[in-house]
Amino acid sequence: MTAFLIALATLIGGYFVYGLVAERIFGVDPARTTPAVRRADGVDYVALAPWRVFLIQFLNIAGLGPIFGAVMGVMYGPAAFIWIVAGTIFGGAVHDFVSAMMSLRHDGESLPELVGRELGPAVKQMMRVVSVVLLVLVGAVFIVTPAGLLSGMTPDWADTLFWTAVIFLYYALATVLPVDKLIGRLYPVFGFALLFMAGGLLAVLLSGSSAIPDGFTEGLHSRSESGHPIFPMMFVSIACGAISGFHATQSPMMARCLVNERLARPIFYGAMVAEGIVALVWAAAAISFTGGYEGLHEYMSAHAGAGALVHELSVDRLGALGGFLALLGVIAAPITTGDTALRSARLIIADAAKINQKSIVRRLAVCVPVFGATAALMMIDFNTLWRYFAWTNQMLAACTLWACTVYLARKGKAYALTLVPAAFMTSVVVSYILYAPSPEGFGLPWGLSAGLGAGASAACTAAFLTRRGKERKTTAEITD
């Protein structure tokens with residue numbers, strides 16, 4: 001319990017201390033007119049109440065990530081608790097805040113356009129493709145999963161195909177309609193439900209009625225029965241509860257709805273901290289419910305996934321209301337992640353092709369190919385899709401952090417804020433793709449993979465510092 005309380009307090013303190021550091025380094029300007037006001041179009045640029053923007057942002061970036069990811073990640077052992085806390089404060093929240101502020105300063109531009117400004121046109125084109133593929137993958141994955149769950153709870157005529165069609169129709173509406181019509185009204189409700197469910201579990205854990213065998217006294221070694229090491233595997237398994245590149249594709253959507261820059265830290269840094277708390281609670285609850293790491297492995301093996309654990313744990317700890325909220329989370333959370341993923345894909349394509357989105361006809365022209373690609377990907381096995389999504393997601397985070405670092409350096413700000421997490425995530429994604437078994441990765445030995453990952457990180461850092469040195473020299477010569 002002590003370790004859990006320290007982790008919880010550190011997360012909350014991180015928002016007030018390190019969040020303020022990030023805000024001051026970037027330089028928030030409350031007097032600056034935001035895109036929601038300057039470019040209001042009634043479709044994507046719509047001023048929304050701050051509390052509504054926070055709940056939408058929270059649900060956009062959360063979904064099932066901080067629940068399923070935390071449960072799967074904590075199977076590696078107590079190091080998961082450290083990664084959730086440190087990753088959230090120094091990585092994920094900084095990543096979300098700085099990238100969102102960059103979008104705010106550039107009229108709510110989508111991620112590839114922002115990254116391209118800092119890393120060049122070639123990277124911009126790569127990011128356009130990778131981002132859209134990632135978002136379409138998310139949309140496809142989060143249609144199949146809830147459709148299967150709903151078909152098992154409804155009459156025979158409402159089979160998986162029926163629910164797939166219903167969810168697809170909802171996705172189409174949420175992607176095309178103005179942001180305040182469906183997303184602006186439904187998301188705050190579901191976001192509150194997700195927070196309420198985590199709050200209920202937190203209250204149970206704090207009551208002391210259930211022990212939390214965190215395992216720190218036995219060391220930080222991997223508890224994974226697969227034999228995989230903590231680095232880099234755990235850092236990809238726990239993404240949304242620590243740092244996730246997917247978040248940077250979502251933030252521009254809310255950057256177009258924010259009425260004042262002073263709200264950026266509570267909404268973007270704060271939503272990530274809230275997600276980290278949710279991940280921490282679920283990781284602790286999973287260990288508490290199953291009695292330890294061995295019990296968790298046995299349970300997961302017996303039930304083939306985290307879904308059964310989430311439902312049973314919620315009912316056991318929170319009763320009938322908990323069961324309802326768990327059901328809401330397992331079904332509504334992926335749906336509300338999938339629809340905004342496809343909406344973000346529309347915005348990225350529209351930004352890249354310079355297609356004004358005020359006309360519904362133009363919105364449909366962008367959306368139809370996106371929906372077609374989503375339908376095609378649904379034919380691929382879920383587990384295969386998810387494996388590629390996980391690595392692509394963290395690779396996107398690394399690229400975003402490098403763009404943030406170049407931006408801060410160009411503005412003469414303390415770029416170490418994003419340089420350190422950028423270098424770390426580069427080593428993670430390179431090591432992972434080299435070490436992970438085929439067909440997901442290349443299946444190289446761990447030592448070689450980790451060494452090459454560290455080398456790639458060092459090379460990127462050296463390239464950045466060299467470029468920074470040349471720019472400073474050029475600036476000095478011009479000044480002289």
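Student: In this predicted model, what makes Arg 265 lie over the face of Tyr 15?

Tutor: The distance from the ring centre is 4.9 Å. The cut-off for a charge over a ring is within 6 Å of the ring centre, together with a limit of within 35 degrees of the ring normal. Arg 223 is described in a like manner: its charged end sits over the ring of Tyr 293, 5.4 Å from the centre.

Student: Why is the pair of Trp 83 and Phe 235 called edge-to-face?

Tutor: The planes of Trp 83 and Phe 235 are at 75°, and an angle over 60 degrees counts as edge-to-face. The centres are 4.7 Å apart, and rings pair if their centres lie within 6.5 Å. Trp 83 belongs to helix α5 and Phe 235 to helix α10, 152 residues apart, so the pair links distant parts of the chain. Both Trp 83 and Phe 235 are buried. Ring pairs also join Trp 83 and Phe 235 with Phe 231 and Phe 424 in a cluster.

Student: How do you know that Phe 289 and Tyr 299 form a pair, and of which kind is it?

Tutor: Their ring centres are 6.2 Å apart, and the limit is within 6.5 Å. The planes stand at 75°, so this pair is edge-to-face. Phe 289 lies in helix α12 and Tyr 299 in helix α13, so the contact ties together parts that are ten residues apart in sequence.

Student: Why is Tyr 299 classed as buried?

Tutor: The relative accessible area of Tyr 299 is 10%, and buried means under 20%. Tyr 299 is therefore buried.

Student: Is Phe 192 buried or exposed, and how do you know?

Tutor: Phe 192 has a relative accessibility of 51%. Exposed means over 50%, and Phe 192 therefore counts as exposed. Phe 192 is found in helix α9 and contributes to a nonpolar surface patch of about 450 Å², together with Phe 196, Leu 321 and Phe 324. The elements that give two or more residues to this patch are α9 and α14.

Student: What makes the contact of Arg 343 and Asp 44 a salt bridge?

Tutor: Their side chains meet at 2.8 Å, N to O, and a salt bridge requires such atoms within 4 Å. Arg 343 lies in helix α14 and Asp 44 in the loop between α2 and α3, so the bridge ties together parts that are 299 residues apart in sequence. Arg 343 is buried at 1% relative accessible area, and Asp 44 is buried at 4%.

Student: Why does the contact of Lys 124 and Glu 113 count as a salt bridge?

Tutor: The closest N and O atoms are 3.9 Å apart, and the limit is within 4 Å. Lys 124 lies in helix α7 and Glu 113 in helix α6, so the pair ties together parts that are eleven residues apart in sequence.

Conventions. Residues numbered from 1 in each chain as written. Predicted model: local features only at pLDDT ≥ 70, side-chain atom pairs only at ≥ 80, totals over all residues. Heavy atoms only, no water. Phe/Tyr/Trp six-rings, centres within 6.5 Å; stacked < 30°, edge-to-face > 60°. Helix = DSSP H or I, 4+ residues; strand = E, 2+ residues; numbered from the N terminus. Buried < 20%, exposed > 50% of the residue type's maximum accessible area, 1.4 Å probe, protein only. Patch = residues over 30% accessible without salt bridge, like charges linked within 9 Å, V, L, I, M, F, W, Y side chains within 5 Å. Areas by Shrake-Rupley, 256 points an atom, 1.4 Å probe, with all protein chains shown as cover.
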